[in-house]
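Hi,

Here's the structure I promised to pass on. Have a look at it first, then read my notes below.

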Amino acid sequence: MKKEMTKLGITLALFASLACASLAVVYSFTKDRIERQNEIQLNASLKELFPEATVFEPVEGLASSDPGVKFEAAYAIRTDSAPLGMAVKAKGQSYGGDAVLLIGVDLRRSIVGVRVMELKDTPGLGANATNPGYFVDKAKKLTFPGQFAGKYLTDPFEVKKDVIAITASTITSRSLTNIIKKTGDAIVAYMDQMAVVAPAAGETTDNVAADSQNQAGGK
Amino acid sequence: MDLVKIFLLALLVNNVVVMRFLALCSYVGMTSDVGQSVGMGFAVTFVTVLATAATWPIYHFVLVPLNLTFLQILIFILVIASLVQLVEFYLKKNVPGLYSAMGIYLPLITTNCAILAITFENISFKYTFIQSISYSVGGSLGYLLAMVLLAGIRDRIRTSPVPKFLEGTPILFIATALIGIAFMGFSGLIK
Amino acid sequence: MVTTILVTIGFSALLAFVIGIALAFFREKFKVERDPKIDEVRDALPGANCGGCGFPGCDGYAEAVATGRAPVNKCTAGGAATTEALGKIMGVSAVAEDKVAVLLCQGTHEKAVAKGEYVGIPTCRAAKLSTGSVKACAWGCQGYGDCVAVCKFDALAMGDDGLPHVNYDNCTGCGMCVEECPQKILTLVPRDRVGSIVLCSNRNTVKANVIKTCKVGCIKCELCVRSCPEKAITMVNGVPVTDYAKCTSCGICVEKCPTKCYKMLETDVLGTKKKVPVMAEA
Amino acid sequence: MSIKTFKGGAHPPERKERSEEKSIERVTSVSQVVIPVNQHFGAPIQPLVKVGEYVKAGQKIADAEGRMTVPVHASVAGIVKKIEPRLQSNNTEGLCIIIEPKEPEEGESSTDFMPPLDPFTCSKEEALARIRAAGIVGMGGAGFPAHVKLAPSKPISVVIANAAECEPYLTIDARTLVEMPEKVVEGVAMVMKIVNAPEGVIAIEENKKFAIPHVEKALEAFSKARPGINIRIQELKTKYPQGGEKMLITAITGREVPSGGLPMDVGCVVQNVGTLCAIVDAFKEGKPLIERGFTVTGAACKTPKNLVAPIGTLVSDLVKAGILEIDEENLARVVFGGPMMGVAVPGYEIPVQKNTSGVLLMSRDEAQYYTEETCIRCGRCMRACACRLSPALLAVAVEAGDYREAEKIGLLDCIECGTCSFVCPAHRQLVQKFRVGKQILRALKQKESQNAR
Amino acid sequence: MKKLYSVFKQGIIYENPLLMLMIGLCSAIAVTTNVSNGIGMGLAMTFVLLFSEIIISLFRKVIPSAVRIPVFIIVIAAFTTMVDLVMKAYFPDLSKSMGVFIPLIVVNCIIMGRVEAFASKQKLAAVIADSLGMGLGYTWVLIGIAAVRELLGNGTFAGLQVMPDSFQPILFFILPPGGFFVFGLFISFNIWLKKRMEVTARARELAARKEAA
Amino acid sequence: MPDKKYLLSSSPHLFSPVDTPRIMLSVVIALVPATAYGIYLYGFPALAVVATSIVSAVAAEFLFRKLIRQSMTIDDFSAVVTGLLLALILPPSTPLWMVALGSIFAIIVAKEFFGGLGANPFNPALIGRAFLLMSFPAAITSWSMPHGLALPADAVSAATPLNLVKQGNALADVAKYFGASDVGAFYRQLFMGYRSGCIGESSILLVAIGGLFLLGIGVIQWVVPVSVIGSTFVFSLLLGMDPMLGVLTGGIVFGAFFMATDYATRPLTPLGQAIFGIGIGLITVLIRKFGGFPEGVTYAILIMNAFTPFLNKLRVKKYGFVPPPKPAKPSKEAVK
């Protein structure tokens, strides 16, 4: 009886250790890649927002004015020589739960682009925010996040006015717009605080000046 | 997130069967009779909770400290399989009444993917122990609910002139599709 | 990496060892005796769950056989092969009789008079219950195919003539149809039986009444009884019955029967033998 | 006086007007009688006479030992011609004694009645023995032996005379009330005496109001002759199946006969008015049950009538004798009994039996029939069911062959009144299903109890 | 060789695990919202099936029957984990969209069933044919279901726009109920197919018998 | 025995004149006022939707039955009812091909797949709507303001009252949106019918008249409508929502009278029906308050449909019910 038991145990143990050993080998090879997976993806997204960027430097100290919007990570983005702008991974309440967005703002205080990283929503409605084939403006082929590119943070960001809503998903549209706006504001405030200014080159300066004036008026 | 929300989320919104397609084999096989489906449902609930109670600590107090989280699949399935086996042995010997009510379903449970999925998700959703229990109770009761609902419909269409080409299993999937359509109403209920 | 592998191996080996021992241990400790014969018997059964044996499905019969409560020759669906197999397992030898179902009525739409125009549920049982019998003959086949519906072996089919026809190749003699028939006019006959049989169940003793109702009914003339050289035929409950111990298949009764309700089993009914070559037969 | 009723039920077209006004006609001479040997609900009995024998009217011609048996008497004086199986009004072939009437020889009486007996003075045993000897069975339909019903093992508080006559078409009970109210009242009093009940109720449906004054008059006369007997009239709402024993008891007393129980379990005895008249005859004249009243009606009957004829009279003989005229062209269905519970028979060459309350000759227009459609689950049957069963669900259980479930939800409680089939918009043959189901369930149970033994 | 081919063919049609044996259904419906998922899942499954069967077949003589099941589980789980890890590392999107269903390969009845019923009794060559047949049978059904669902529900095939622009995708098909619906019809079709095959087989057999007689 | 064959059948031999086509027709008649008003409010598109829905429902049933060679049941009008009901719970601006698709899905999948009339476990019209809502969420939630019979150049898209409330607007603002002076007037307006919404649910008055007509002629019973409307009111109140608005909008009245009372999918027993109705009210309110949809009647009824087989077990005690199982007959279990 005892011998039998031991035999069974040992057989099992042999198989298990063999299997696990081979697993461990595979694991060791894939481990790094898996762990860096998020980072790789994030970098890819950042790269999409700022194609000419070479350095993504994590920064801290951004403050959110809305308790519902949290910043998971913030990066100062530059080329080897000059700053380009900032990008923030922000998480906030939306229609079907938390949404995670990546928002990039350039030095002119305008939005470079928005990437929806995570969104739980009704397929066909709110989920269209992540659908690259869904255009809020069919003529211009603008997707919902796409329409923010180039928008200045001094704009009103009001859904159904300057922001085109996803059909029949006003709530999603509003909450996403809110996250973008709040994040953008925080970035601008941070930039102002750090006094990051766009390289003085012609017309852009005027814009910045105009922006800061507007902003002052807004506050 | 509070426990009730987790419970309802698992029970209705993300019902393991009609929304997540888990445990379909037993879902199709064990619903020809309402009583049977209830028996199976409770057996699964019992084992799921037990499995959660066993796997959660193993993961957090053994695998994580030892840096062996990649063994999760192997360990969990082993634990569940042995658990089921032990429960079966135990019931057979000591609680024959319960065994005769539930025991016949036990061997089927080992390969019930709902249980394994729930234990995996407890980990990947980063639930606390209590939350995990709540999630597993909700999820497995959701399984029970789906089983019972399908059993009801099967009972209902027992004598119906279902078209020949759908008789048997196909109509069950169509029925499940309709249950699923109804359950879509729960979507967005919990955020 | 090496550490990882080592830790893994150590851990898993330990765990597996423990589980292996535990399993073996509990298997012993919680052992519940179940007669392995039950499984053996169950495996030998065809698994049609037809209930022909009179037990709740094959499992029920398997248990009954294994515990000696039931004889091994009850499985009609499996036939002789199964019986032999079961006999081997149980250490007894018995041969199941290979039977087939025969319909004791020739009252087709044409030949039997209908009582009225029945417009209820189209099953034999319902028809019989609410009309006594849809045919003027109270004993005749109702012709709604209850027997066909219960047959699990595709051995029965309703003919255009209003009677069920048995496909003797498929018939296993499970007796479900015999059980189901509300008129009890299906009967089980050994497949290899030879001799004459009367295909009529009419027990009405008044000749005129039978003539009125059916062209192929037994009119109680008792010619068969009188003409049988072996004295093998007797009237029982108003219908002639052949004693197969005495019957020599001479065919006199069949020839004599004025309404042609006497038939030879082996040639006319079961077709196990070619007809006596009186004429050229295809 | 409040009008009482029960829950559920339906209102089939009444169509009583055809024969309602026709007084009862007595049929005296017939060319032959075909008397089925077994006309009661209970153990079968055997003929006592031989072919060729001469019998007197009222002579016992078949009987057997046993509690649940009732003898059968010759309904006319004559010669026994044949004893052979014949088609009876329940559609089965059964042994019948065929008698050809023949005048008795000079000086001989043509009848063989028992001496009169006073039920108010004789012992209970004597009275019951008389009722059995007179061959009385329930004349409403089922043919339950009256002597068994009147020997309850439990105390009885109410005797109910069932004159509800809820079946459409039939009018014989109403005519009996109009023409022989005193007999009905006396019959109630006799039954009350036999079962020792303090109260008697004559239950009449609203649509037979015209009979009430007659009964009231008879009651008045009776209470003068025999004071202290408490009999009253209870008016009931016109509704089918108001005349069902259980429904009647519930309507009048508010009690419910327990499932599987008998009226005596709630202290009631219910007797049809025809039966009561037969009981009166049995005591006062010593006359056994050899004739009965019935209605012949239907659109294919040119002469709707209420008749009293010897038991065993063939309806076809009545036609031959010119008492009835039938529109043969138009006749599509012949029903023995009422349209809701009666039996459709293959012709009218069938004898009137002890439980034949009417013969319907339905025309093509009347004789509707439909093919079953699928159940739309409208729930009408459930609302109509007088027994509060769920016919729709029962039918599913029966169809699926799940007889255990069917029993659980009350298959055996169904009284087969036919209300559910009547109201079903999909024309489901519910009652027929239940009959089949009951038969199979009973067979199953029997098998089981045998196995258990 | 012919025998191997027939073993291989079994899994693809006659004993197709999803449509005929009706096992391993969960993943089949869950991941078939698009064709690439279907392909990924099918390959992952085939990989695990193939290697588990090979290992079990190789070691079938040394595994004591008492610990048979635990050993099987260990082997299967190990290969499943490998697939999971590799997927996570190199196909993160695919891995994400299939979620928990990759780890759940471990309890897929197909694998357990084949290992228990086939691999533990057969030689290596047959086992390889069997697992490839089964895996392919699984995969083609997956791709079939996924193609229908993706085409109708999203207007694309493996992510490529195929339907004309004017086509409005019927989202029902990529939502869970649509999965059940399409799968139900697939089984129905297959049952019909099976019946047809049986009928023709019987007819052929009868004809052959007649000829012989 | 005469040569002539008489009819032989089981009793009863009389039948009520109320049959299935008649019942279905009466439902159609009851829906006429609401339909007519819907068409009056939304003009030609609404008419087109109604016509398309009915035609495709009938055609689908006809062709399917033909295809599987089953008896033809078109003449029972049930497909017409399903088609009409489906049309009435769709926005008037629904593209016609979607209407047809929904109608076909409703008839074939929800009804015929399960064996046709009476065998469907879920209400076909609601399945049709839920299917469309799932498949084309945007199209099925685009509402327009009533624009009368005139053909509009371009339908003005609008929100439904419940949409607005769900978005967090105050009731008074919602009233203003629909041009009502105050909340009371808004209620009256809702009751009479001017608002954005489905074709059939606009006028509560006309819907209720149709429902009361069906109640009056005994086609439906009071339990389900009363429990649905009542429980919606009560639960709205309990959860702090405006109960009047809850009842007057979102098709509660329409659903209560015409959808929840669908024969095949509601429980048969009175107690079961009461629980069924209360369940619908509760789920509707929960979905409105917490869920993803502004109105929840469709899903609430479908969800309760799934429970119907169980609610059917809540029977009234049969006549002469004997409560405890007799020890002599241990096999006879007490009926619930």
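Which residues of helix H10 of chain F are buried? Keep in mind that this is a predicted model. The buried ones are F:Ile204, F:Leu206, F:Val207, F:Ala208, F:Gly210, F:Gly211 and F:Leu214. Residues three or four places apart on an α-helix point the same way, because there are 3.6 residues a turn. As for what covers the buried residues of H10(F), the list includes helices H1 (20-42), H9 (183-192), H12 (243-248) and H13 (252-259) of chain F.

Just after the helix, F:Gly218 has a positive phi of about 80 degrees.

Now hop over to chain E. The axes of helix H4 (residues 68-90) and helix H6 (residues 109-119) come within 11 Å there and cross at roughly 130 degrees. That angle makes H4(E) oblique to H6(E), and the crossing is right-handed. On the H4(E) side, the contact is made by E:Arg68, E:Ile69, E:Phe72, E:Ile73 and E:Ile76; H6(E) brings E:Ile111, E:Met112, E:Val115 and E:Glu116. Sorted by type, the contact residues are seven nonpolar, two charged and no polar.

Last up is chain A, which has three helices and five strands. Along the sequence they follow the pattern α-β-β-β-β-β-α-α. Of its 219 residues, 49% count as buried.

Cheers

Conventions. Residues are numbered from 1 along each chain as its sequence is written. Chains are lettered from A and ligands numbered from 1 in the order in which they are written. This is a predicted model: local features need pLDDT of at least 70, side-chain atom pairs count only at pLDDT 80 or more; totals for chains, interfaces and linings use all residues. Side-chain values use heavy atoms; hydrogens and water are left out. Axes are lines fitted to C-alpha atoms, for helices over the stretch in contact, and angles run from 0 to 180 degrees between N-to-C directions. Helices (H or I, at least four residues) and strands (E, at least two) are DSSP runs, numbered from the N terminus. Angles under 35 degrees count as roughly parallel, over 145 as roughly antiparallel, 65 to 115 as roughly perpendicular and the rest as oblique. A crossing is left-handed if the near helix is turned anticlockwise from the far one by less than a right angle, and right-handed if clockwise. Contact means heavy atoms within 4.5 Å. Ala, Val, Leu, Ile, Met, Phe, Trp, Tyr, Cys and Pro count as nonpolar, Asp, Glu, Lys and Arg as charged, and the others, Gly among them, as polar. Buried means under 20% relative accessible area, exposed over 50%, partly exposed in between (1.4 Å probe, protein chains only).
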